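Please keep the 3D view open as you read.

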Amino acid sequence: MTGRSHNPYGFWYRLAAAIAKPVLFVLVRHRWRGHEHIPAEGGFITAVNHISYFDPLTYGHFQYNSGRPPRLLAKASLFKIPFVGMVLHKTGQIPVHRGTADAAHALRDAIAAVNRGECVAVYPEGTVTRDPKLWPMTAKTGAARIALTTGAPVIPVAQWGAHRIAPPYARGGRGNRRVWLVPRQTVDVVAGPPVDLSRHHGKDITPDVLKAATEDIMTAITALLADIRGEQPPAERHSTRRPARQHAE
């Protein structure tokens, strides 16, 4: 892993920020903490909870202002949207081709970016949480695999409030708007210290090791979110996996 300092933002990153930041200042009152935990140089991973289709913007604003531009793993379909796709490509975001033979390319590209000394941002849950109260649910193992392959630190990030602007899975209709632009909402984004994955170092990267490392990451994110919300998280994570079939005796 290289130890060079972060790459400059470049024209396209600055253009995207010039477009997005004024809108975000109008819509969002932000409360940010934890920039001191963002590494000043070298590659690293941020692992972020996902509560709204709007929160890539609120997290992105936080990360942009840290001085380390994020390379976000994003659904490949977003790269097909006119202008948006071009900006995603030009700013070095990484497309994820879910359920295809190209799905592994995102992991390969993320590992390469971290090894170049960049920040790769991952939503470990893979989608907006399905937990009824928006707590982090069971996660995929991509962030853990990138971390254990590269040896780079994982910085947990929790955010709360973006769901009030764009409610998750809202379908419109009376009392169920897709977007609420007023009143101006407060969004908390908090980064914590690197997740301690030392107990997994030196081990073969097996499914069990990846599962345990992923749980360590999600536990750190959940703790940050519990602090923001001032609430106790559920004892068990919500899961979208179907329970195993019970065989009749």
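Helices (H or I, at least four residues) and strands (E, at least two) are DSSP runs, numbered from the N terminus. Keep in mind that this is a predicted model.

Is Arg-71 buried or exposed? Buried means under 20% relative accessible area, and Arg-71 is buried because its relative accessible area is 9%.

Now step back to helix H2, residues 55-65, where the buried residues include Asp-55, Tyr-59, His-61 and Phe-62. Just after H2 comes Gly-67, whose phi is positive, at about 95°.

Phe-83 has a positive phi near 65°, and its place is the loop between S3 and helix H3 (84-90). With 44% relative accessibility, Phe-83 counts as partly exposed. Leu-134 has a positive phi of about 70° and sits in the loop between strand S5 (119-122) and helix H5 (142-150). Leu-134 has 11% relative accessibility, so it counts as buried.

Finally, turn to the surface. Which residues gather in a patch of positive charge there? They are Lys-75, Arg-98, Lys-140, Lys-211 and Arg-241. Of these, Arg-241 is found in the segment after helix H6 (207-229), and it counts as exposed because its relative accessibility is 56%.

How values were computed. Residues numbered from 1 in each chain as written. Predicted model: local features only at pLDDT ≥ 70, side-chain atom pairs only at ≥ 80, totals over all residues. Heavy atoms only, no water. Patch = residues over 30% accessible without salt bridge, like charges linked within 9 Å, V, L, I, M, F, W, Y side chains within 5 Å. Areas by Shrake-Rupley, 256 points an atom, 1.4 Å probe, with all protein chains shown as cover. Salt bridge = Lys/Arg side-chain N within 4 Å of Asp/Glu carboxyl O. Lys, Arg positive; Asp, Glu negative; His and termini not counted. Charge placed at Lys NZ, Arg CZ, Asp CG, Glu CD. Buried < 20%, exposed > 50% of the residue type's maximum accessible area, 1.4 Å probe, protein only.
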